[in-house]
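These are my notebook entries on a structure that I examined element by element. I record what I looked up and what I found.

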Amino acid sequence: MATMTDVARSAGVSVATVSHVLNGTRPVRPHTRQAVLDAMDELGYTPNTLARSLVTSRTRSIGLAVSAISNPYFTEILQGVEASALEHGYSLLIADPHDDPEHERKVVQLLHERRVDGMIVAPSADPRELIAYLGRHKVPTVLLDRVVDTAADGSPHFDQVCADSAEPVARLVTHLADLGHRRIALVAGLSGLSTTSERIAGYRDGLAAAELAFDEDLVVHGDSASAGAEQATAALLSLTSPPTALVTANNAMTIGALRALRDRGLSVPDDIALSCFDDFAWADLFSPRLTAIAQPSRDIGAHAVRVLLDRLASPDRPARTVRLPCTFMHRTSCGCPEHPLTSLKGTVS
C-alpha cells in the first residue's frame, strides 16, 4: 500500500507538501498540487481520514437530521445534500429525528459526538432544546426547509435554507378562485412548523387577493401525514356547506385527501377541484393529473451544503436565510386544461 512518503518521492516534493495538499493547511502552488494529485492517482494512494482529522481537527463529515426520510420530498433533499457533500469531499452521517423534539435533541447530540464538522437539520415543531444545544456548543448549522424565529433585530440565529411557502399557496388559491370557486379549503400541516404557518398565511393572502372571506371552518390540520389528512378532509366534506375546491399542504396529505374523496365517491375535478403543495414523481400519472407546487428539493439540499461550507470557512459571517423559488405545475385536477409551466419568484435575504 502506497504511503505519503511514496507520493512525495514520486511527485518530487516533501512529505509536508503532500500533507498540505491533503489537509488544506497551507496554500500550495497549482502545479505542485497537481503533481501531488497525479502521484496519488498513479500510486493508488488512499488518505488516512482518521489521521487527517487529528491534524486538521476536521473530519470532513456533515451530519444530516431530517424526519420522514421515506417522504419523497426529503428523499430528494437528501440526494441533493449527498451529491453536493461528495462533490466537496465530505461524507454524510444521517439521522431521523421523527419530528419528536426530545428525540431530535438526542440524535443531534449523537451526530455532534461523532465530531461532524457541521450539521444540516430540519427542525421539529418545537425546536427549543435543539436550538439551545446547537447554540451552547456553537455547532455550525444550517436549518433546512423549516425556519425558526429570528432574533429581535430581525436577523436569523442560524443560516437557513428553504423554499418559498406563502406566495405559492396564494397562487393556488387565486387560481382556484379565478375558476369560479368560492368555498376553497386548506388541509394544513402539523401545527408549530414554520411551513404550516407560512402556508396558512399564503392561503389567507390568496383569499384576500380574490376578495373572498376567510372561514376558519375551511382550514383543517392533517398533521403533515396521510392518515391525518384523510380524517381532516372527511371533516371538510361533512360540513353543511362543503368546499368545492381543496388545497393540500404537502404530498403525504394529498394522498390522504384523495383517499377521503374516493371513499365519498367524489370525482376530481368534476365534484371537487384539487391542488397541492409538493409535486412528486407520480403526480402526473394520476387521473386527473395533479396541479401542484414543485419545490426545488435537490437544489435546497445542495444549497444547504454550500451555505454550511461558507459558514465553516467564515465562522463569524452574519447568518442568512435563503429562499428558493418554486414552480407551478399546471395540470388538470384544478379543472382546467394543461398549461405551460410558470415559475414563481423566490427571495434571498
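**Entry 1: helix α5.** I began with the span of helix α5 (residues 72–87) in this predicted model. Its end C-alpha atoms are 23 Å apart, which agrees with the 22 Å that its 16 residues should span at 1.5 Å a residue. The expected span is 1.5 Å times one less than the number of residues. Helices (H or I, at least four residues) and strands (E, at least two) are DSSP runs, numbered from the N terminus.

I then asked which residues of α5 are buried. They are Tyr73, Phe74, Ile77, Leu78, Gly80, Val81, Ser84 and Ala85. These residues lie on the same side of α5, because they cover an arc of only 160° around the axis; the arc is that of the directions from the helix axis to the C-beta atoms. I take buried as under 20% relative accessible area, exposed as over 50% and partly exposed as in between (1.4 Å probe, protein chains only). An α-helix has 3.6 residues a turn, so residues three or four places apart point the same way.

The face of α5 turned away from the buried side carries the exposed residues Leu86 and Glu87. Against the buried residues of α5 pack β1 (61–65), β2 (91–95), β3 (118–121), β4 (141–144), α11 (251–263) and α12 (297–313). Just after the helix, Gly89 takes a positive phi of about 80°.

**Entry 2: conventions and confidence.** I note that residues are numbered from 1 along each chain as its sequence is written, and that side-chain values use heavy atoms, with hydrogens and water left out. As the model is predicted, local features need pLDDT of at least 70 and side-chain atom pairs count only at pLDDT 80 or more, whereas totals for chains, interfaces and linings use all residues.

The protein chain averages a pLDDT of 88, and 90% of the residues score at least 70. Over residues 340–349 the pLDDT is below 50, and this stretch has 28 contacts in the model beyond near neighbours in sequence. The pLDDT is the predictor's confidence in each residue, from 0 to 100; contact means heavy atoms within 4.5 Å. Where pLDDT is low, the predicted coordinates should not be read in detail.

**Entry 3: the chain as a whole.** I counted twelve helices and 13 strands in the protein chain. Of its 349 residues, 49% are buried. Among contacts with a separation of 6 or more, 68% are between residues 24 or more positions apart.

**Entry 4: the six-stranded sheet.** In which order do the six strands of the open sheet lie? The order is β2-β1-β3-β4-β5-β11, with parallel pairing. Two strands pair if DSSP finds at least two bridges between them. The edge strands, β2 and β11 (321–324), each pair on one side only. Neighbouring strands of this sheet are turned by 20° against each other on average, direction ignored. Five bridges join the parallel strands β1 and β2, and Leu64 has Ile94 in β2 as its bridge partner.

**Entry 5: strand β6.** I found that five of the five residues of β6 (residues 184–188) are buried. Ile184, Leu186 and Ala188 point one way from the strand, and Ala185 and Val187 the other way. In a regular strand the side chains alternate between the two faces of the sheet. β6 runs parallel to β8 (residues 245–248), to which four bridges join it; here Leu186 stands opposite Val247. Three bridges join β6 to β7 (residues 219–221), also in parallel, with Val187 opposite Val220.

**Entry 6: helix α8 and Thr291.** Helix α8 (residues 166–178) has 13 residues and reaches 18 Å from its first C-alpha to its last, close to the 18 Å expected. Its buried residues are Pro168, Val169, Ala170, Leu172, Val173, His175, Leu176 and Ala177. They pack against β6, α9 (194–209), β8, β9 (273–277), β10 and β12 (327–329). Gly180, which follows α8, has a positive phi near 105°.

Thr291 lies in β10 (residues 291–294). Beyond its neighbours within four places in sequence, its contacts include Leu172, Leu274, Cys276, Phe328 and His330.

Key: Axes fitted to C-alpha atoms, helices over the stretch in contact; angles between N-to-C directions.
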